[in-house]
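Hello,

Here is the structure we talked about handing over. Please open it alongside this message; my notes follow below.

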Amino acid sequence: MTRETVAINVGRGGNDAAGRPDPPVDPYWDLHLLTPDDVCALLKGKKSWLYDAVENGAIEAIRLGRQLRFRPSALVRYLEERVSNANGHGRS
């Protein structure tokens, strides 16, 4: 885990009624931008998959010159959109 990912988790409290973590207390938590390597480590995926997901619009990315960076909130949104219940049906 990188310093950035640790910083994202700092300040998180308990869980809400749905079991999701409460939002961070730090008002600037979403400015702790993640690199593609950070995202791949967190999601345990390959860079080629990540770049494809960015290209097809599934994951929002920030382009800083030739580099890509990711807001933690964009990853949370991506994951929330793909949550399914035990029956294999997506959220409605």
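**Confidence first**

Residues 1-12 keep a pLDDT under 50 (pLDDT is the predictor's confidence in each residue, from 0 to 100). For this stretch the model has 21 contacts beyond four places in sequence, contact meaning heavy atoms within 4.5 Å. Where pLDDT is low, the predicted coordinates should not be read in detail.

This is a predicted model, in which local features need pLDDT of at least 70, side-chain atom pairs count only at pLDDT 80 or more, and totals for chains, interfaces and linings use all residues. Residues are numbered from 1 along each chain as its sequence is written, and side-chain values use heavy atoms, with hydrogens and water left out.

The protein has a mean pLDDT of 79, with 65% of its residues at 70 or more. Helix α1 (residues 3-9) has the lowest confidence, a mean of 45, and α3 the highest, at 97. Helices (H or I, at least four residues) are DSSP runs, numbered from the N terminus.

**Helices α2 and α3**

Helix α2 covers residues 36-43 and helix α3 residues 47-55. They pack at about 105°, with axes 10 Å apart. Axes are lines fitted to C-alpha atoms over the stretch in contact, and angles run from 0 to 180 degrees between N-to-C directions. The two helices are therefore roughly perpendicular (65 to 115 degrees).

From α2, the contact uses Pro 36, Asp 37, Val 39, Cys 40 and Leu 43. From α3 come Lys 47, Trp 49, Leu 50 and Tyr 51. After α2 comes Lys 44, with a positive phi near 55°.

Pro 36, Asp 38, Val 39 and Cys 40 are the buried residues of α2 (buried means under 20% relative accessible area, with a 1.4 Å probe and protein chains only).

**The core**

The largest nonpolar core has 11 residues: Leu 34, Val 39, Cys 40, Leu 50, Ala 53, Val 54, Ile 59, Leu 68, Phe 70, Leu 75 and Tyr 78. Such a core is a set of buried Ala, Val, Leu, Ile, Met, Phe, Trp, Tyr and Cys residues joined through side-chain atoms within 4.5 Å. Helices α2, α3 and α4 each supply at least two of its residues. The most come from α3, with 3.

Trp 29 sits in the loop between α1 and α2. At 18% relative accessibility, Trp 29 is buried. Its C-alpha lies 8.0 Å from that of Pro 72, 43 residues apart along the chain.

Ser 73 belongs to helix α4 (residues 72-81). Ser 73 is also buried, at 16%. Beyond its neighbours within four places in sequence, Ser 73 contacts Trp 29 and Asp 30.

Best wishes

Note on methods:
Angles under 35 degrees count as roughly parallel, over 145 as roughly antiparallel, 65 to 115 as roughly perpendicular and the rest as oblique. Buried means under 20% relative accessible area, exposed over 50%, partly exposed in between (1.4 Å probe, protein chains only).
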